[in-house]
Amino acid sequence: MTALDETGTAGPSARLLQLFEGHRLTPTQRRIAHSLVRHATEAPFLSSVEVAELAGVSQPSVTRFAVALGYDGYPALRKQLRELGAGESAPSAETPADAVRNEHQLAVLAEIEHLRHLAELLADPEPIVRAARLLAASRPLPVLGLRAASAQAHGFAYFAAKVHPDVRLLDEGGSMLADRIEQAASAGATALACFALPRYPRELMDALITARECGLTVVTVADSAFAPVAKLSDLMLPAAVGTGLVFDTACAPMMLGRVLLQTMCDEIPGAEARLEAIEQSATARGLFLE
């Protein structure tokens with residue numbers, strides 16, 4: 001969605017946002033992009049050194065940012081900014097507060113679109129039901145998620161443990177990760193739940209190779225059906241991440257994980273009884289304020 005001024009014309013910050021959309025940028029590069037958006041009217045006239053000072057990064061980072069957008073260097077990007085007319089004042093000029101507001105709103109609206117797309121995908125229940133059956137039947141159930149995806153894996157494992165008798169969270173890399181996967185397989189695991197979000201750690205791929213060698217069926221929640229982990233996964237459940245802020249936002253993957261848990265509850269014998277027992281224990285111990 002593009003922010004428009006009162007005349008219906010895209011404002012300077014909106015034009016820059018359109019230019020940056022669709023590119024996979026590092027956190028440092030996103031800082032540069034956001035700094036340019038916040039100073040949209042001055043951006044076409046700034047040198048790479050001035051942009052670096054504005055964003056609090058090094059000058060070479062600004063050059064790499066321009067290359068990541070497909071330009072030969074920063075001068076070519078600045079030329080494009082001037083051709084876009086980003087420095088021209090709109091009839092109803094944006095204030096710095098407006099630019100920041102638009103940037104944040106656009107990130108939220110993008111996440112809403114991701115959730116709408118996820119809702120459309122869930123119109124076909126077969127993949128999520130199949131995934132739930134595979135994971136519910138695994139004893140134990142290893143849940144893998146490294147770096148950016150560790151929070152998703154941790155949340156999934158926390159709630160899964162309330163209905164599944166043996167959940168093993170694998171959220172740390174290192175040489176022992178393969179050992180823990182092998183131990184889970186030796187203990188009877190038949191499937192592994194994997195959460196994979198950009199940027200994908202190399203050791204995540206190694207862990208999935210180990211899982212496949214152990215005969216585990218890999219069910220992966222990732223930001224795209226074409227993510228690098230797809231070739232090592234038996235079942236992919238895609239849910240897009242937001243890239244409008246400095247760091248990715250993962251509302252859709254989190255929601256997909258909760259939907260998967262909901263479906264698993266229908267596949268695990270005694271799940272309702274376990275939940276009831278947990279609630280009774282929590283009440284007896286006064287765990288929660290309400």
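**Exercise 1. State how many cavities of 30 Å³ or more the structure holds, and identify the lining of the largest cavity.**

Solution. The model under study is a predicted one.
- Step 1: one cavity of 30 Å³ or more is present in the structure.
- Step 2: the space within the largest cavity amounts to about 30 Å³.
- Step 3: the largest cavity is lined by Ala107, Ala110, Glu111, Gly242, Thr243, Gly244, Leu245, Phe247 and Thr249.

**Exercise 2. Determine the volume of the largest pocket and the helix that supplies the largest share of its lining.**

Solution. 
- Step 1: the volume of the largest pocket is about 540 Å³.
- Step 2: the lining of this pocket comprises 24 residues, of which Glu21, Gly22, Ala110, Thr243 and Gly244 are the closest to the pocket centre.
- Step 3: at least two lining residues each come from helix 1 (12-20), helix 2 (27-38) and helix 6.
- Step 4: helix 6 supplies the largest share, namely nine residues.
- Step 5: Ala110, Thr243 and Gly244 are among the residues that line the largest cavity, and they also belong to the group closest to the centre of the largest pocket.

**Exercise 3. Name the residues that make the nonpolar surface patch of about 220 Å², and place Val108 in the secondary structure.**

Solution. 
- Step 1: Val108, Leu109 and Ile112 make up this patch of about 220 Å².
- Step 2: Val108 is located in helix 6, which spans residues 96-121.

**Exercise 4. Classify two of the three aromatic pairs by geometry, and decide whether their members are buried or partly exposed.**

Solution. Two quantities are required: a pair of aromatic rings is described by the distance of the centres and the angle of the planes.
- Step 1: the structure holds three aromatic pairs. In one of them, Phe156 and Phe195 are 5.3 Å apart centre to centre, with 55 degrees between the planes, and the pair is tilted.
- Step 2: this pair joins distant parts of the chain, with Phe156 in helix 8 (residues 150-160) and Phe195 in strand 3 (residues 191-196), 39 residues apart.
- Step 3: Phe156 counts as buried because its relative accessibility is 0%. Phe195 is likewise buried, because its value is 3%.
- Step 4: Tyr158 and Phe159 form an edge-to-face pair, with 4.9 Å centre to centre and 80 degrees between the planes.
- Step 5: the relative accessibility of Tyr158 is 45%, so Tyr158 counts as partly exposed. Phe159 has a value of 36% and therefore also counts as partly exposed.

Definitions and conventions. Residues are numbered from 1 along each chain as its sequence is written. This is a predicted model: local features need pLDDT of at least 70, side-chain atom pairs count only at pLDDT 80 or more; totals for chains, interfaces and linings use all residues. Side-chain values use heavy atoms; hydrogens and water are left out. Rings of Phe, Tyr and Trp (its six-membered ring) pair if their centres lie within 6.5 Å; planes under 30 degrees apart count as stacked, over 60 as edge-to-face and the rest as tilted. Helices (H or I, at least four residues) and strands (E, at least two) are DSSP runs, numbered from the N terminus. Buried means under 20% relative accessible area, exposed over 50%, partly exposed in between (1.4 Å probe, protein chains only). Patches are made of residues with over 30% relative accessible area and no salt bridge: like charges are joined within 9 Å, nonpolar side chains (Val, Leu, Ile, Met, Phe, Trp, Tyr) within 5 Å. Accessible areas come from the Shrake-Rupley method with a 1.4 Å probe; for residues, only the protein chains shown count as cover. A salt bridge is a side-chain nitrogen of Lys or Arg within 4 Å of a carboxyl oxygen of Asp or Glu. On a 1 Å grid over the protein atoms alone, a cavity is a set of points where a 1.4 Å probe fits but cannot get out, and a pocket is an open set with protein on both sides within 12 Å along at least five of seven lines; lining residues have an atom within 4 Å of a point. Grid points are joined across faces, edges and corners, and a volume is the space filled by probe spheres set on the points.
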